[in-house]
Every structure is written in C-alpha cells, then in structure tokens.
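Me: Hi! I have a structure open and would like to talk it through with you. Could you help me find my way around?

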Amino acid sequence: MLSRTPAGRWRLTERLAALGVDRVVLLALPAAAVIGLLFIYPFLYGLGLSFQPRQGGGILANYLGFFNDGYERSTISKTLRLALPAALLNVAVSVPIAHKLRQPVRGKRLLTTVLILPVTLGTVLVAQGLIRYFGPAGWFNQALVALGLVDAPLSLTNNYIGVFASLIITGFPLSMLLILGHASGIDPDVERAAATLGAGPTRRFWTVSFPLMLPGITIALVLAFVAAFAVFPSAVMVGNPSGSTRVISIAAYQAAFERFDYSMASTIAMIMAAVELAVIGVVLGARSRLYRGATSGGKG
Amino acid sequence: MADALAGRPAGVPRPRLTFSPSGWLLAAVMAFFVVNVVALVVSVLFNSFASSWFATPIPSGWTTRWYRFAATTFQLSDVLVVTAQVGAAVVAISLVVGAPAAYVLARRTFPFKRALLLLFLLPMLVPPITYGIPLATALYKFNLAGSLRGVILANLVPALPFVILVLTPFIEQIDENVERAARMCGASTWRVFSRVLAPLCIPGLLAAGLMVLVRVLAMFELTFLTAGPGDQTLVVALYYSVFAAGIRPAQAIDAMAVVYMLTTFVPLLIALRFVNPTQMVVRLKREAAA
Amino acid sequence: MPTPKVERLRIEGVTKAFGSRLALEGFDLEVAGGEFVALLGPSGCGKSTMLNCLAGLLPLSAGTITLDGERIDGLPPEQRGFGMVFQNYALFPHLSVRRNVAFGLHAAKVAKREISDRVDSALAQVRLADYAGQYPSQLSGGQQQRVAMARAIVLEPALILMDEPLSNLDAQLRTELRTELRRLHQELGLTTIYVTHDQSEALSLADRIVILRQGRSVQVGTPQTVYTEPAGAFVAAFMGYRNLLPAQMKETRGGDATVLLADGQQSLRGRDRTDGAAEALVAAVRPEDLTLHEAAAAPDAGGDNVIPATVAVVEYQGNEVAVSAEAAGGLWLHARTTLRVRPGDQVRVHVPPARVLIFAEDS
C-alpha cells in the first residue's frame, strides 16, 4: 500500500520506486561519480580552458590559431591519412576471415590467442620491435633481399610506412577479434536455412551473413578508427615525428608538455575529439543508409 | 535438444577448414600476419641476448649482460614496484566500484539507464590522449598529477567502464531466480550477496580483473601524461629508454622490452584460462544463440 | 491431392560419425512420393543428424541417398531443392516476412511478378497475409513458425524436412499448428520428413513412423502398427506402455507366455514377443488397459491374471483418475479408473492377457 503524506502527494521514495529506482540502483552511483569526476569534468574543464587563450585575443583565438597555422592544421590530414586507410584495411581483411572462422573450427582458439598478443603488447612494444625488425639490418629486410625482391634494404622505419605497419599490427587483431566475437553469436541455422532455400555461397554471404555481421563490423570500424586516430607513441618511435607522421596527438602533447600551453593543448584535444566524432558519425550514418530493418537477431 | 545439437556443428563436430581459392588467399594473409608478429617478438628477444647483431640472420654471440645493464640503468626494480602498485590499485578499485554498477545494469531497468550506459561507454569511444590531456591538466591543478595517485586515478577512466562492460553480461547470465530462491530460503540481502552472488561471480571478477590488469600494463598514454619521474610504469619507462637511445645500447632497451612482455604475458595467460580471446577486446552485446 | 514431385527417396546404409561416436549407423529408409514420414526417438538417437544429412548440411560418413534413382548425397544443400523448417525457425532477422518468404524465389531467379504472386499465396496458406511487412522479431513464436513453413513451401520443394518444428511452442499452440501442418500436407501433397521426440505428434501426423535408437532404426511402420505392435520394450516405452514389469519366463505355448513377476510369486499371462533366448524379460501394459476392482467389494472379480495391490497415489484427471498402486515385491502399477479409490485402499488389478506384451528387457 502506498502511504500518503498529509499533503496527499506520493512520497518521493515511493514515486521513485514506481519508476524502478530503489536503493539497489544507488549501487551504480560510485561508478558514475568516478567517470563524472575523472572523465566528464576534465573534458568540460578542457573545453572551457580551450576558450581562454593564454595570450588573450578573444575566446576563439586558440582555434583560429590552430587553423591558420598550416603546420598545425596539417596534423589533421596527416592523422586521417594514417588512420582511415589503416582502419579500413584492418576491417576489410577481417570480415572474410572472421566469416570463414565464425563456426567452431580446429585451431580457432590457437589463432585467436596469437591474435590477442599484439593487442595486449600495445603500441609501445610493437613500435619498439619494429625498430629492429623493420630496420635496415632486421629480419624483414634480410628476407626481402634474400628472396631477391629488392636489391638493397628498404627504408621502412622513421617514416609513414613504419607507423602504418604498427597500426596494422595492433589494429588488425582488434578488428578481427571484435568481428569474430560478434559473428560467432549469429545463429548458424540462419545461413543454413538460406542454403536449403537454394542460395549459393556468394549469395548467402551478401544477403544473409554480411547484413547480420554489419553491427559488429560497424563497431569494429569505429573502434579501429578510434585506436588508429589516437596514434601517438609509434608515430614518435617509428615515424617521422616532425614531418610526415606529425599526428595531432603529437601537436597536443607538444603544446602541453613542451610549451606548457595547457589552453592550446586542450584546444587541440577538443579539435581531435570533434574530428573523430565526425568520422564516427559518418560511419554510423553510412551504416544506417546501407541497411535498415530490425537489427536484433533470432527469435524476438 | 541434445540430439539437435549433436547434428549441428555447434555440438561435437569441429570440421577442418576446407579451402577454396579465396580460402587459400585468406589463409596466406593470416599466415603472413602471424609470421611477422612472431618474428617481430622473437627478434626483440634475440637482440636482448645478443652481444652484437648486425645484418646477419642470427646474432654473432649471446650474453645476458644487457639484463643486468637494464636493471641498473633503468632502475628496473623501482619501475616494477610502481607497475605492480598501479596495477593492483587500479584492478582493486575498478572491481569494487564497477561490480555493483554492473549488477545494477544487469538486473534493473530505471529511467536514464541508457544515459548511464552511454556514460560508461564514452571513455571507450574517445582515445585516451584526447581526454588524457585535459585530465592531466585538471589533475595538475589539484596537485594530483606527477604522483602515484594521479597515475592510478587516470588509469581508472578506461579500466572502470571495461570492468562494467565485461561483468554486466556475466551477471545477466546468472539466473535471477537463484537470488530469488535464496531469498525464499530466508537469506538476507547481505547473505544473498555474500553467499550466493559473490561465489557465482568469482570467475567473472577474476577474468575482468586480469583483463584490466593487462590493459593497465599496456596503457601508455594516460600514465605518460600523469606520471612524474618517480612513478613511471614499465611501458612508459620503455618509451623513455627508446628516447634516450644513442647513449644506451639497443640490446638493453630490448632487454627491457622482454621484461615488459613477460609481465604482460603472465596475467594474459592466466586470463586465457577463463575467457575466450574474442572476449578480451570489448564484449559486444549479442543475440543469445539458440 | 496434387501429384507429388518425386516418386521415391531412397536412403541406404547411411552412417555418420562424429569423431569416434556413431550418430547414425547403417540407416536405411525408403520414402514414397507424397508420404509423410516421422523420425521418432529420444534425444541423441540420431534423428536430427539424419535430417541434416538429407538436407546436405552434414556430409555422410558412408552410405547413399538417391532421389528417383539419382544420387544426391554429394550435392550442397542449395542444389538439392529441399525445403527445411528449423526447430528455432532460423528466420532472417534483417528481412521482412515478405522478403523472408521470397528469399528462395529470388535465389532461383524467378520473375518479379511471379514472386509476388507466389509469396502472397504462400502467406495466405499459412494465414499470415496481414503480416507481410513485419519483421520476425515483431511476431509471436507461432507466427514465426508459420513464416518458416511459408518460406519452405513457397518453393514447392521435392521434399520438405522439418526438425522438431513445434517443440518451442506451448501446448495449445502445438496442437493447433499440428492440425494446420496436417491440412497443408493434405492440400499440397508435399513429401515430408518430420523429426520429433513427441510420440503423439508422430502418431497424429505421419503416414509412417521410423523409431530410432542410438543411430539405428528399430521399427518402421504405420502409426497403428507401432502403437499396437511395438517391436520391443524400447518402442513400447515410447508408445505409452508405462507399466514395464520385470519378469522371468515360466512357460511359453504358441504365441502366449506365462511369466513370473519380480518377486517370483505372482504369475502373469501375456503374448510372447521374445525370441525365446532372453533371460530377463519385461511385461509391458498400458495404464488404460488395466482394470481396477476394489478388493473388499469383489474379492474374486477379474478372474485370473490379477495382481493385488495397495493404492498409493491418486491423481484427478477429469473423467477418470490415474492411480499408482504398489504390489508385492516392490512392483508399481500405473492404471486409470473411474472408481473412487483413495490412498491405502486394497485393490485387485486385472490385466487382460491379450493386452500384455512380453519382451526381452533389452529389446
């Protein structure tokens, strides 16, 4: 029975209880507070800071400064030139392989275990390894020369190629595991049903498997892009951090920790977030144009 | 039906991959990738034991002196202590704070639940460097950065949502009737949590903790932005050692890299006993398979 | 009834191994065009495996499948032209009901106009014309099941395979759809192979029933045959012979046998269905074939072939009650009666000898 206060209104706790809010829900508060304090607040703080330029000149001075300075502005295109092809390649190669591996097959566990290694090693170690492995005296160049593919060792580090390779090594397993994880959850009977209805392998892939894998593919593409767009240590270690691989993270880092201009650093971080969210928006928009309909699977 | 399962590949049979021409191509791509990753790791390993290694397939001589060199030059023991402290603190805090939140998300529907979910998802959708810079700035403002506390706080941002996202589906698959049954048997709320829910959650907590540990060990950007000179974790120390290269031999840096790899592999190998590698990245919400 | 598209499906010596386990062992079956055959058996008996082998979803380990003299066991599923209805429906979640049903016609490159007409008529046949624009997740389980049927029948397949299509539905819906299935089969004359573990489904739907046990067929026959003349104790148990009383042979004469029940005191006459060699026997009787008499009221009622027992459990079931009674030697008897008995009552259970089947225990 709901009791009434003298004013005849439901007590607040009872009204909340009717909405499903009770003491148990409060258990989520500490986690929300941590994320609020350590993520949302700094983000807003940084946003505010970006409108308070150190040298003055109006609230937009930092943003104007960034876009008017060709060297700074070019970090956006340099980052996108690395991140977009890397993310697209990682996902494009992952889709057919994940489709092949979606059902239990021998060696799947071993393969996924090998794939998880570069993900857990992280970008710093991969870049560190590439310095030796991709270097002029490394095994990769030795193999190319021994196979007669090239006459002299290729220059694969301290440039775009080195950074791109590091993005593939850490990014491909990530997208592959994401897409595979999603594809393994699709009811295999659906594709079998398509086979009994006369659809051959190609038709089955494009009319059934691909649309059903699309949610996983989209998320993998978004996360692969997020990871590649944030490229930082490898751009410094195996790239050319003052030239072709001076990515936007480097610009932000230099503003904060070399020039100690936290306002400008926050500005660059905000621009980075905006560009990234714009790309994610395009990906999600394209997905909804490509394929409409119920996304939930199975029996409903 | 067990019979129905037996007839399906989901049951007993694990067919060999049959290779069509396109299948061979994919296998070749996969093999090329795996061979290169393994070769990369092995070349770091070899170099760390090489007395010198130039353009030859195998180093000309072997030695362990780079490990001793790295231990003294890079204050390896201090770095390992800091790494262990950060790892333990982040795992403990994110489990204690994250598990109750995961329970709420798994069991309750309430207004703004989607907003709460978005709040927990957001840190995973934004690269660490983007929020790391304003976060570091804010932490410096409150005199929290440049210390162990700052490093731990910063690492909580990606760790906590990860714990929540791993544990929520885990708690969802524990039958809610088990809790109800315990209550019907006269158990108090505390007893339900401690005697029924907690034991059932241990595998999930263990897996989530180990996965977070692996991630904290590999998390470069946030530690890099918030650590002072005395509280670098291994991965940051590795980055700085590459930076200072020239003064130090490459083999010593590789020795450091091998130590780093070992620290990541131990929790990883334990974690793999509990979880499928595909679950180690983000666990996507998926349809319940029949 | 329209003429069926096939004359004869022949399954010969089909064996399927999963590792070292044989799910099917030398399975033979012939199906005539237009026939409705049910594969019946408990979980793990190999019935679903057989269906998947027929569909081409699993490769055979040995044996052949021929359709009108042509071998089809090497063909991939998409070239066999069979329709299949899955236990979990396996509808395409990203396609509307209409597109789901049209899927096979698109794959077969049927003209657009014809697709539209055929989809309409298939949807009308399963009474889902109003749901064409919906998505599977918006439909109830029964409706999803009808979509799955429409999707299979719209192709007018040579053979239609059904894998426990009703097992995910509740009891009332199951009965309803069972009638509908029977109606569709009569209207369309589709040759059907139907897998189920529910004997009442098999009895009511099928022209012929194949009973499987551990990958082998143990009896093939019309519903009447398997119901009244089960080939062994296993089939009998499956066909509702709930009383399976352990027994030893006393004497056998002609087609009749007299056995001693568990405690060795009580003897029982019945029809001999043993091969004569078996030591351990069972006497199989259906609950509805037992007649109960109150011991106090009629001490001699029922003549011979009577087992005295004490009523232990009474379950009310409408017109009658189900009674479980305990006899000497720990023997339990399950019977149905209109008598108003109560737990503790002494009863005499009469067993008509013609309704007792004596089997070897492991048959």
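Me: Which residue forms a salt bridge with Glu187(C), and how far apart are the closest N and O atoms?

Reply: Glu187(C) pairs with Arg183(C), and their closest N and O atoms are 3.1 Å apart. A salt bridge here is a side-chain nitrogen of Lys or Arg within 4 Å of a carboxyl oxygen of Asp or Glu. Before we go on: this is a predicted model, where local features need pLDDT of at least 70 and side-chain atom pairs count only at pLDDT 80 or more, while totals for chains, interfaces and linings use all residues. Residues are numbered from 1 along each chain as its sequence is written, chains are lettered from A and ligands numbered from 1 in the order in which they are written, and side-chain values use heavy atoms, leaving out hydrogens and water.

Me: Thanks! Where do Glu187(C) and Arg183(C) sit?

Reply: Both are in helix H5 (residues 171-188) of chain C, and because they are four residues apart there, about one helical turn separates them. Helices (H or I, at least four residues) and strands (E, at least two) are DSSP runs, numbered from the N terminus.

Me: Switching to chain B, which residue does Glu179(B) bridge to?

Reply: Glu179(B) forms a salt bridge with Arg107(B), the closest N and O atoms being 2.9 Å apart. Glu179(B) lies in helix H8 (residues 176-184) and Arg107(B) in helix H4 (residues 76-107) of chain B, so the pair ties together parts 72 residues apart in sequence. Glu179(B) is buried at 6%, and Arg107(B) is buried at 12%.

Me: How is chain B divided?

Reply: Into domain 1 (14-63) and domain 2 (70-289); such bounds come from an automatic or database domain assignment. The C-alpha centres of the two domains lie 30 Å apart. Their contact (heavy atoms within 4.5 Å) takes eight residues from domain 1 and seven from domain 2.

Me: And how much area is buried between chain B and chain A?

Reply: About 8600 Å², with carbon and sulfur atoms giving 77% of it. Buried area is the accessible area (1.4 Å probe) that two parts lose on being put together, summed over both. The contact takes 98 residues from chain B and 98 residues from chain A.

Me: How many salt bridges are counted between chain B and chain A?

Reply: Zero salt bridges are counted there. On the side of chain B that touches chain A, the largest share, 17 residues, comes from H2(B).

Conventions: Buried means under 20% relative accessible area, exposed over 50%, partly exposed in between (1.4 Å probe, protein chains only).
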